[in-house]
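Q: Could you walk me through how to read the way two parts of a chain sit against each other? I would like to begin with a single residue and then widen the view.

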Amino acid sequence: MAVKISTISALVVFLALLSLSHFSHGELQLGFYNKTCPNVEKIVFGVVQDAFRTNSRLAPLMIRLYFHDCFSNGCDASLLLDSTTSEKTAGPNLSVDGYALIDAIKDELEIKCAGFVSCADIIALATRDLVNLASGGKARYEIPTGRFDGRESLASSVDLPGPQMSVADTFEMFEKRNLDLTDMVLLLGGHTIGVTHCSFIKDRLHNTQEPDPAMDPKLVKELRRQCPENSKQNNAINLDQNVSSSNIVDASFYKQIKSGRGILQIDAQLATDEMTEQIVTDLAEGDDFLARFGQAMVKLGLFGVKNKDTGEIRKSCRSCKNRFCTA
């Protein structure tokens with residue numbers, strides 16, 4: 001007997017919540033701060049909600065910050081450290097933002113429960129809350145805490161996938177972070193909100209012979225107006241070209257890339273590469289993206305976490321407390 005997709009989606013959410021109710025991974029656990037800072041999630045959400053009301057762009061900014069921090073050296077807030085040679089100064093991180101929100105949350109937590117909550121956990125919790133707010137309250141997921149802040153941040157150690165890489169090469173990088181192929185497709189679904197810039201897609205629009213044949217000709221025409229071939233302006237381009245959903249975390253991203261309306265080359269390839277085509281189809285036709293995206297974000301948040309022996313709890317997220325910090 002056929003089971004309705006909505007029933008499957010409900011089952012996915014139920015099983016995810018059931019498994020997380022007893023979640024523990026190393027020293028990470030749900031409710032890690034129950035004794036030291038019992039209202040941590042309420043405090044974080046309060047600051048995030050106020051900020052989101054005045055700037056909805058914080059959602060894609062924080063998703064990107066979370067990804068860039070975790071992917072290079074683990075989820076340890078090393079991206080937040082200020083230095084002339086820190087991760088912040090690496091090329092792919094120059095356009096990362098969201099630091100002021102982290103500072104605001106840290107300031108509030110230092111008033112309410114000083115010295116207990118790590119900057120790495122602040123990133124994880126704030127990102128979760130912004131994903132939920134940008135989905136209209138449909139995507140809240142439980143995320144374990146207990147991360148400590150890293151003591152090393154070097155631009156030379158930044159290792160991130162580029163938008164023009166192949167699916168196979170991109171997956172190789174994800175696999176090294178204990179993320180499977182489905183996790184990769186789900187996490188790239190973070191491109192459901194946010195922007196890129198003309199410099200990253202001009203080769204798809206102004207090829208010497210013809211524009212990328214994988215791109216919808218109507219979209220090519222639209223984007224050529226926004227990204228003229230010889231313009232010095234590096235205009236921002238919505239990754240989701242659907243006006244009604246460009247600021248909403250939803251599954252429209254997968255529907256669009258199946259229709260040849262992927263903006264970045266890697267996004268477009270997801271829909272046609274034999275490694276990922278079926279995963280994209282399932283997400284485009286199903287209604288469980290939000291639940292599965294949350295699970296993938298949790299899984300990403302397990303990579304390279306530091307403990308009390310290898311990390312610290314910073315007083316300021318921008319500088320190390322330990323004198324042996326390298327940044």
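Q: Which residues does Ala139 touch, not counting residues up to four places away in sequence?

A: Happy to start there. Contact means heavy atoms within 4.5 Å. Ala139 touches Val131, Asn132 and Leu290 on that basis, with residues up to four places away in sequence left out. Before we go on: this is a predicted model, in which local features need pLDDT of at least 70 and side-chain atom pairs pLDDT 80 or more, while totals for chains, interfaces and linings use all residues. Residues are numbered from 1 along each chain as its sequence is written, and side-chain values use heavy atoms, leaving out hydrogens and water.

Q: Where does Ala139 lie, and is Ala139 buried or exposed?

A: Buried means under 20% relative accessible area, exposed over 50%, and partly exposed in between (1.4 Å probe, protein chains only). Ala139 has a relative accessible area of 3%, so this residue is buried. Ala139 lies in the loop between H5 and helix H6 (167–175); helices (H or I, at least four residues) and strands (E, at least two) are DSSP runs, numbered from the N terminus.

Q: Which domains does the assignment give?

A: Domain bounds come from an automatic or database domain assignment. Here the assignment gives domain 1 (39–157) and domain 2 (179–299). Their C-alpha centres lie 24 Å apart, and the contact takes 14 residues from domain 1 and 10 residues from domain 2.

Q: What area is buried between domain 1 and domain 2?

A: Buried area is the accessible area (1.4 Å probe) that two parts lose on being put together, summed over both. Between domain 1 and domain 2 this comes to about 1,100 Å², with carbon and sulfur atoms giving 80%. On the domain 1 side, Ile63, Ala134 and Tyr141 lose the most area to domain 2, together 34% of what that side buries.

Q: How many salt bridges are there between domain 1 and domain 2?

A: A salt bridge is a side-chain nitrogen of Lys or Arg within 4 Å of a carboxyl oxygen of Asp or Glu. The count between domain 1 and domain 2 is zero.

Q: Which elements give two or more residues to the side of domain 1 that touches domain 2?

A: They are helix H3 (58–73) and helix H5 (119–134). H3 supplies the largest share, four residues.

Q: And which residues of helix H12 are buried?

A: In H12 (residues 277–285), Ile279, Val280, Thr281, Leu283 and Ala284 are buried. Their cover includes helix H7 (181–188), helix H10 (252–258), helix H11 (265–270) and helix H13 (289–300).
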